[in-house]
Amino acid sequence: MKQHPLCTDPDHGPTIMDLPLAEGLKTEWAELETRRHFLGRAGKVLGWAALASLGGERMLTGDAHAANVVPSAQSLRLPHFAPKAKRAIYLFMSGGPPQMDLLDYKPNLSQLYDKDVPDSVRGAQQLTGMTAGQARFPIAPSHWAFKQYGKTDTWVSDLLPYTARMVDDLTIIKSTNTEAINHEPAIMLLNTGNMNAGKPCLGAWLSYGLGSMNDNLPTFVVLLSKVNPKENNQPVSSRLWSSGFLSSEYAGVAMRSSGDPVLYLSDPKGVNRDVRRKMLDAVNEINRQTSQELGDPETNSRISQYEMAYRMQASVPELTDVSREPQSTWDLYGPDAREPGTYAYNCLMARRMAERGVRYIQVYKRGWDVHADVTGMLPVLCQETDRATYALVTDLKRRGLLDDTLVIWGGEFGRTVYSQGGLTPENYGRDHHPRCFTTWMAGGGVRPGITFGETDDYSYNVVKDPVPVRDFNATVLHCLGIDHNKLTYKFQGLDQKLTGTTPASVVTNLLA
Amino acid sequence: MIRLKGIKLVCAASFLTSIALLLLPFVFKLDGKTHADWQQFLGRFHPTVVHLPIGLLLLVPLLELAGRYRPALLEAAMFILSLSVLSCLLALVLGYLLAYGSGDAGAGVARHMWGAIALTIGALGCALLRSATGGPRSFYPYLLASVLVLLAWTAHQGGSLTHGNKYLTEFLPAPLKRFGMGTVQASAFPDSFYARHIHPIFDANCVVCHGAQKVKGNLRLDTYDRAMRGGEDGAVIIPGNPERSILWQRITLPPDHKKFMPSEGKPPLKPEQIAWIRAWILQGASPELKSLPGIYVREEETLPQVPDYSGKMTEIAETARSAGVTLVPVSRNLGDGLILNTVDAGQKFGDAQLAGLAPFAPYIVEAELGRTAVTDGCLPIVAKFTHLRALHLEETAVTGAGLSSLTQLPQLSYLNLSGTQVTAAAIAPLTTMKNLRHLYLYNTPAARQQP
């Protein structure tokens, strides 16, 4: 009797890989094999049946060619349109900088010192546990004077003398707003588009969608700046640069602020480059076998990560060797930049990475969580960051890199106009404030010299042109040539995207 | 005997009708002024009624052909032909009332009118000839054919009046467009704010009724001079004074106002378009000013397209790989061109390797040669990259000798020479390059020589 082909024992016939099937089906088959493995190779017939049902479904939906399980940068065919920016540098001010002390000038507040924020302004807002119990919400006007700068006559606080010099190059957004009022959900939302952990961050989406621009350095690098123990530092964790459900090769590579930038990158004593190469070749061979057997895409990312690490053994020392930087670099970035791990050093590194084809660089500066002693802490924070931020933008500009580099500056939320804790003419504190905060962008794709969005007289609510986080991220993606609605990845039954399920839109008025 | 008399009578009546139709435009001249409301009221039924003669006339040849197999249909053909003559007359009269009543004038209106008159007389002729010969005989088929050709032409003229004359060709596939007509130069200053932003608004929203084809209120907005000349109420644009400019007044009325423009249910102008018009008038309604302070218009940049290379993808990838570089598309639209990325090759990439990419020169729009081993010898090769928009030569041994060969690149807008040894004299020839907007000379002798 002639047997049905799907009922034969595959050990004695052709394997599925020999059949003339769509490549996507084979990949999916390889995935299924993982499950087979789990069943102790007992379910061969089951496996064939599974393929048959899979094939049947695909054939019905006519989707067999689209069944590529792990899309690659090539298959996505990105960018969707010619981008203005090839790369992005995100200067992340973790903790939440106080907008009304830096760029959101509110001249009327000085007359309202120690008056209460009107209930009509606060509305029914739920506050954090840190100030919800306060009997009063006394207005704390900014301690610092503001002046107008540039051709655009933009108001900038005396705290930011260097930023003031480049206002004509900035696209200032005063109406950024978020839904989260605490650090972790807010910083997750900004980075991944979702308050809960587990989603890929902006950098991972960019690596996944646009691919690498070079062979020797990661596509996405995170630079953690040295912590100043006097500041109120909120933790930042690798969840913020995670690739979520995307392959782990798209996750950010974090460089440490002290010691080796990347751990275990230097060879141990007695191991030279040849030995390392032989060892890697052997490990790769084993990994390839595992990959063939199990078809887990994560095995492939492991192979590529090992290879990347090998190449980084040569490229990272070259990257961090700043001995050939001209004196003009140090004149611009200031003396802090000579000390590895400082924010200024990281800004310099960001420029060097941009030159070397790193797609997305995120520099974290912690300590902006000024619940108390604003007048003591803010000058320190600004002194640490203002000059280097200016230096980075200026350096990119004079070297011709700002045309196709998008620089983003911002934190996860803003701070309250009312004082947390005691208010004195000399000092005050500020709590978390999600309803408005100021961010800025500069460079490729955005319109220089504008201020977008307006807040009310208390810097409390947005009164014109609100930019929610999802629109902010949609705009960033647009600058890099990506339609945020089209860069998706099917996971948990949903076409996931950075901007989430609430409809988001590109803020076209920010675009150049 | 009676039949002959009848025919004679009909002939005489047709002759008189034809004379009357031919005289109509001379008796009641289309003077561009509006007339009685009842004329406009009836006239506005023209667009509805006009489809009747079109349908009927198209039916006639079908019936004539089908009549060969079913003779009864031949009889029907005569009936339909007579009906189409009557409906032609009706549509013509209504159309004339519309044009005369609402003060339409212009070449397009005239063409449509004369077409309709000729068409009606032709249809009348067909009917007479057919009834005289008792069937589709003699030169009746030829006359009918010419009437149908005339019908198509007249109908197209009418369509152009309502929808604008670009309606049909606007979405014509690009390869076919090449055979079409070039666009008319509306302004002597193609770079001006008027030519780039104001004229297109007029063109898309106003020129249907205020253009060469149709001239309502004796106002034409299809060129700068005519717009400034104004219409029957005098000037519509008063430089420096938008509030007194009739044009601005009309577009800012409430949309349900009788005098609101664009009229007749056409979509109102967008707020930013109104703002541009206001700013343009306020700042003098100049035909040549390139930009208006305070007004920023974001333009969808259309990148110049490179020749098709989709058939050479594997060849390109292989050549690039052997040179240790990548050639990546700017976007998924391959016409946007390729970026030459040399970051991984570094000092291993020199003039010889660049020369190896010459077969793909027209497709490369951005050449990242920074920190490579290229020298001045690369410049003649780069000069063959005819579609090049950006050239990176930073930190290379380029001294600037031969930079003048880059002036052959019409689209080059970005040139980075930072960290090279170029001098002010070497870059002097670049000043003639109109599109070169970004020139970077950081850390070069040229930058140090400048004050």
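**Notes on a predicted two-chain model**

1. A:Pro79 sits in the loop that runs between helix H3 (73-76) and strand S1 (87-93) of chain A. This is a predicted model. The peptide bond from A:Leu78 to A:Pro79 is cis, with omega near -5 degrees. Most peptide bonds are trans, and most residues other than glycine have a negative phi.

2. Chain B has a cis bond too. It is the peptide bond from B:Met261 to B:Pro262, with omega near -5 degrees. Again, find the loop. B:Pro262 is placed between helix H11 (246-251) and helix H12 (271-282) of chain B.

3. Next, a backbone angle in chain A. A:Asp153 is not a glycine, yet its phi is positive, at about 55 degrees. Look for A:Asp153 in the loop between strand S2 (146-149) and strand S3 (154-157) of chain A.

4. Now the layout of chain B. Its domains are domain 1 (2-163), domain 2 (193-282) and domain 3 (310-449). How far apart are the C-alpha centres of domain 1 of chain B and domain 3 of chain B? The distance is 66 Å.

5. Start the helix packing with chain B. Two packed helices are described by the angle between their axes and the distance between the axes. Take helix H4 (residues 51-66) and helix H5 (residues 72-102) of chain B. Their axes come within 8 Å and cross at roughly 160 degrees. An angle over 145 degrees counts as roughly antiparallel, and H4(B) and H5(B) are therefore roughly antiparallel to each other. Their crossing is left-handed.

6. Which residues of H4(B) meet H5(B)? On the H4(B) side they include B:Leu52, B:Pro53, B:Leu56, B:Leu57 and B:Val60. On the H5(B) side, B:Leu73, B:Ala76, B:Ala77, B:Ile80 and B:Leu81 are among them. The contact of H4(B) with H5(B) has 16 nonpolar, two polar and one charged residues.

7. H4(B) has another partner. The axes of H4(B) and helix H7 (residues 140-163) of chain B come within 11 Å, crossing at roughly 150 degrees. That angle makes H4(B) roughly antiparallel to H7(B). This crossing is left-handed. From H4(B), the residues are B:Ile54, B:Leu57, B:Val60 and B:Pro61. They meet B:Leu144, B:Val147, B:Leu148, B:Leu151 and B:Ala155 in H7(B). By class, this contact has nine nonpolar, no polar and no charged residues.

8. Helix H12 (residues 343-355) and helix H13 (residues 374-398) of chain A have axes that come within 8 Å and cross at roughly 15 degrees. Are they parallel or antiparallel? Angles under 35 degrees count as roughly parallel, so H12(A) and H13(A) are roughly parallel to each other. H12(A) passes H13(A) in a right-handed crossing. H12(A) contributes A:Tyr343, A:Ala344, A:Cys347, A:Ala350, A:Arg351 and A:Ala354. From H13(A), the residues include A:Glu384, A:Arg387, A:Ala388, A:Leu392 and A:Leu396. The contact of H12(A) with H13(A) divides into nine nonpolar, two polar and four charged residues.

9. Back to chain B for its sheet. Strands of a sheet pair through backbone hydrogen bonds, either parallel or antiparallel. This open sheet has six strands, in the order S1-S2-S3-S4-S5-S6 (chain B), and the pairing is mixed. Which strands of chain B are at the edges? They are strand S1 (326-329) and strand S6 (438-440), and each pairs on one side only. From one strand to the next, the twist averages 15 degrees.

10. Zoom in on one strand pair. S1(B) is joined by four bridges to strand S2 (residues 338-341) of chain B, and the two run antiparallel. One place to check this is B:Thr326, which stands opposite B:Asn341 in S2(B).

11. Finish where the chains meet. How many residues does each chain bring to the contact? Chain B gives 18 residues and chain A gives 20 residues. On the chain B side, strand S5 (414-416) and S6 each supply at least two residues. The residues of chain B that touch chain A divide into six nonpolar, seven polar and five charged. Recall that S6 of chain B is also an edge strand of the sheet.

Note on methods
Residues are numbered from 1 along each chain as its sequence is written. Chains are lettered from A and ligands numbered from 1 in the order in which they are written. This is a predicted model: local features need pLDDT of at least 70, side-chain atom pairs count only at pLDDT 80 or more; totals for chains, interfaces and linings use all residues. Domain bounds come from an automatic or database domain assignment. Two strands pair if DSSP finds at least two bridges between them. Axes are lines fitted to C-alpha atoms, for helices over the stretch in contact, and angles run from 0 to 180 degrees between N-to-C directions. Two residues are in contact if their C-beta atoms, placed from the backbone, lie within 7 Å. Ala, Val, Leu, Ile, Met, Phe, Trp, Tyr, Cys and Pro count as nonpolar, Asp, Glu, Lys and Arg as charged, and the others, Gly among them, as polar. Angles under 35 degrees count as roughly parallel, over 145 as roughly antiparallel, 65 to 115 as roughly perpendicular and the rest as oblique. A crossing is left-handed if the near helix is turned anticlockwise from the far one by less than a right angle, and right-handed if clockwise.
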